Amino acid sequence: DGLVVSEKVKSNDIDVKIPESELEAEEKGAEEEHPRESDSNILDVSSDYPRDKHISIQRHLADLEKLADLREDERKPCPLCPEEKFKACFSPKLHRHLQNLHWKVSVEFEGYRMCICHLACRPVKPNLAGDQTLSKMGAHYHCIICSATIVRRTDMIGHINRHVNKGETESRFITVRAPKSSYKVVKESATDVQVLPNHSTPQKTDSYFNPKMKLNRQLIFCALAVLAGERKPIECLDAFGATGIMGLQWAKHLRSSVKVTINDCNENSVTMIKENCHLNKMKVKLSIREEDNDETVGNGEENSDTIEVTKMDANVVMHLRSFDFIHLDPFGSSVNYLDSAFRNVRNLGIVSLTSTDISSLYAKAQHVALRHYGCNIVRTEYYKELAARAVIAAVTRAAARCNKGIEVLLAVALEHFVLVVVRVLRGPTPADDSAKKVRYLIHCQWCEERVFQKEGNMVEENPYQQLPCDCYGSMPGKTAVLLGPLWSGALFNTGFLRRMLLEAVQYGLDEAQPLLKTLVCEAECTTPKHFSTHSPGDENKQEECGVYIRTPNTSAESYLVHGKRKSEELLRSAAKRQRAEHSAEHPPFYYNIHRHSIKGMNMPKLNKFLNYMSEAGYRVSRTHFDPMGVRTNAPLAQFKTVLMKYSTPTYVGAQAEGPVHLPGEIQVGDEVPAATVIKVDEAELAEDGKSGVASAVFTQSYPTHCAAD
């Protein structure tokens with residue numbers, strides 16, 4: 001790689017001899033057990049770096065001058081320049097040359113100077129033809145850590161900074177732990193973790209920590225806390241630990257209720273996880289081979305403060321062991337780990353997964369979504385819910401391959417991630433029931449009306465008849481696309497969300513509480529003013545998949561139904577009762593009130609519009625997917641009718657918000673034609689203080705542009 005300094009320095013047919021006295025001193029030092037370091041050595045190399053650095057890397061300018069062997073009576077060449085670039089000269093001129101052209105433009109790193117080099121050095125990477133011969137290069141720098149040759153000084157500074165951020169501070173690609181001074185301690189939910197300076201860049205660090213995912217971690221903690229209340233103790237796995245922040249929060253707050261295992265395949269991450277466990281006064285349980293050398297920190301003798309740390313591939317650890325709770329949070333898509341997750345997860349356990357490949361899920365890279373999830377999607381107004389249903393469809397297929405069904409407990413799609421939490425139901429019958437809920441979606445590209453395809457295998461002559469709109473008859477060409485396959489069932493479990501909200505209040509998770517309240521209202525499809533902390537059904541007990549859960553109003557102990565025939569019968573009967581009690585689940589998808597606003601009209605406030613829709617007899621609620629979204633069971637035509645009825649003309653700015661009088665033949669609940677004429681008489685305007693304005697006629701046409709616009 002670089003030129004090695006020994007008894008003779010060779011650079012482009014230039015031999016620089018070293019005085020014999022220095023050679024004798026060097027040989028004498030080599031014979032000793034611990035050689036002394038002196039300033040007279042040609043390379044003042046510390047014990048931190050090996051003796052194969054390039055000759056352009058020196059500590060002091062005097063060392064570079066000694067390398068040139070300056071003598072007043074002889075002409076000497078520059079050791080860092082070829083002869084055709086800089087001819088041999090006397091010592092004063094050579095001294096100025098080394099100082100001005102090499103030393104002043106050097107890059108400093110931990111006391112060393114990487115001077116600019118003009119020699120014909122070997123590039124680090126060979127060319128495309130595989131030629132390994134020496135090739136001439138211009139001015140360049142040699143990296144002290146990896147011996148790479150870099151042309152520009154600014155690029156060299158950035159190259160060294162990347163090494164430091166990755167914890168690489170020694171030569172020859174040897175990755176070592178960064179010094180303690182470079183660590184940063186981050187505190188979240190009473191848990192301290194050490195992170196590297198580049199912890200927010202997943203491609204360049206082994207200890208990825210994203211502060212923006214705090215809400216995601218709180219939601220997962222609430223789900224685990226609910227499961228810990230059902231059965232104790234539970235074995236939970238954080239398959240991608242990174243810094244171990246999530247597993248540490250589980251063990252620190254839930255204590256004896258959980259047995260936490262944190263896994264990561266990177267050695268540096270595993271080392272950091274162990275250090276973070278000691279930082280939080282937690283014991284570390286190692287493998288059998290390492291138990292003898294284990295140094296634990298903690299005063300308690302119980303197993304509640306012990307965290308097991310493993311270093312293996314996530315698929316391997318999920319194949320080898322069974323868990324009650326598994327969380328998958330890889331960098332990007334988690335579809336590669338679904339088969340392993342459902343292979344050994346216990347019955348009525350929970351699998352949660354966080355997908356951060358939002359470019360594909362949010363229809364920015366549709367070909368990637370088709371490749372990873374086997375799903376055809378386009379950009380729509382409800383693209384976030386479309387992403388959540390695409391992920392759940394992939395989860396359903398993976399569970400069905402292992403003869404397991406799922407019940408979706410929670411599905412959240414925000415700016416940075418898509419979180420899905422499902423309960424696992426073992427058996428072929430739940431697997432078949434779940435697989436039947438994966439259907440295709442018919443989406444109209446003109447008005448963005450949508451409907452799931454009917455269940456069955458028979459081919460319909462005209463699938464456009466399933467859409468409530470009549471765009472196919474009034475617009476030329478094909479107006480609808482087939483999206484999916486997608487999950488067509490419910491996205492939330494109301495009872496589970498309510499218990500998550502109670503856990504969030506108990507542990508003081510302030511960021512998760514507003515979102516959980518919105519999710520409960522969305523699951524029940526009700527407005528926030530009707531929100532209550534008690535379930536609308538039986539307040540003393542809740543039943544989910546055959547699991548009777550104690551609520552705050554119940555004094556009886558919760559119990560589980562375990563395997564065998566009686567439990568299967570109870571599961572089937574419980575499922576039937578649950579379907580009867582919760583038949584009116586929340587409607588799929590939502591409408592954006594801004595996207596369907598009427599040109600020339602001021603639409604009502606969102607909360608008032610929800611009341612108007614509720615008064616019209618429709619189920620309605622807000623949605624966390626879109627701040628201006630409205631989840632309702634009303635068709636799009638009725639949605640636009642109510643919106644137009646309670647909108648006010650733009651020019652009547654001072655008019656109080658109220659209904660606009662529609663023609664007598666158009667009422668709420670009837671289909672509105674494509675164009676509607678609204679007449680405002682002069683007398684009505686005079687009553688509002690707008691006298692003198694002549695009668696006006698407004699023609700409102702619904703937008704017929706493509707959804708992609």
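Residues are numbered from 1 along each chain as its sequence is written, and side-chain values use heavy atoms, with hydrogens and water left out. Because the model is predicted, local features need pLDDT of at least 70 and side-chain atom pairs count only at pLDDT 80 or more, whereas totals for chains, interfaces and linings use all residues.

**Stop 1: the annotated span**

Select residues 143-163, where UniProt, in an unreviewed entry, places the feature "domain: C2H2-type"; UniProt positions are in the numbering used here, feature names are shortened, and annotations may be inferred rather than shown by experiment. The end C-alpha atoms of this span lie 10 Å apart, and the span is 52% helix and 10% strand. Helices (H or I, at least four residues) and strands (E, at least two) are DSSP runs, numbered from the N terminus.

**Stop 2**

Move to Lys232 and Pro233, whose connecting peptide bond is cis, with omega near -15°. Pro233 belongs to the loop between helix H5 (214-230) and strand E10 (234-238).

Next select helix H6 (residues 245-254), in which eight of the ten residues are buried, so that H6 is largely enclosed by the rest of the structure. Buried means under 20% relative accessible area, with exposed over 50% and partly exposed in between, using a 1.4 Å probe and protein chains only. The buried residues include Trp250, Met246 and Leu254. Directly after H6 comes Arg255, whose phi is positive, near 50°.

**Stop 3: two buried loop residues with positive phi**

Select Ala363, in the loop between helix H10 (358-361) and helix H11 (366-373). Ala363 is a residue other than glycine, yet its phi is positive, near 65°, and at 10% relative accessibility it counts as buried.

Then select Cys525, which sits in the loop between helix H16 (512-524) and strand E21 (541-544). The phi of Cys525 is again a positive value in a residue other than glycine, near 55°, and its relative accessibility of 7% makes it count as buried.

**Stop 4: a cis bond in a strand**

Select Gly484 and Pro485, which are joined by a cis peptide bond with omega of about 10°; Pro485 is part of strand E20 (residues 480-487).

**Stop 5: the three-stranded sheet**

Finally, display the open sheet of three strands, whose order is E23-E26-E25, with antiparallel pairing; two strands pair if DSSP finds at least two bridges between them. Strand E23 (591-592) and strand E25 (620-622) stand at the edges, and because each has a single partner strand, one side of each is left without a neighbour in the sheet.

Begin with E25 and strand E26 (residues 629-632), which pair in the antiparallel sense over three bridges and form a hairpin with six residues between them. Across this pair, Val620 has Thr632 as its bridge partner, while Arg622 stands opposite Val630. Helix H18 (residues 606-615) packs on the sheet and touches E25 and E26, its direction making about 160° with that of E25; contact means heavy atoms within 4.5 Å, and axes are lines fitted to C-alpha atoms, for helices over the stretch in contact, with angles running from 0 to 180 degrees between N-to-C directions.

On the other pairing, two bridges join E23 to E26, which run antiparallel, and Tyr591 stands opposite Val630. Which way do the residues of E26 point? Gly629 and Arg631 point one way, Val630 and Thr632 point the other way, and all are buried. In a regular strand the side chains alternate between the two faces of the sheet.
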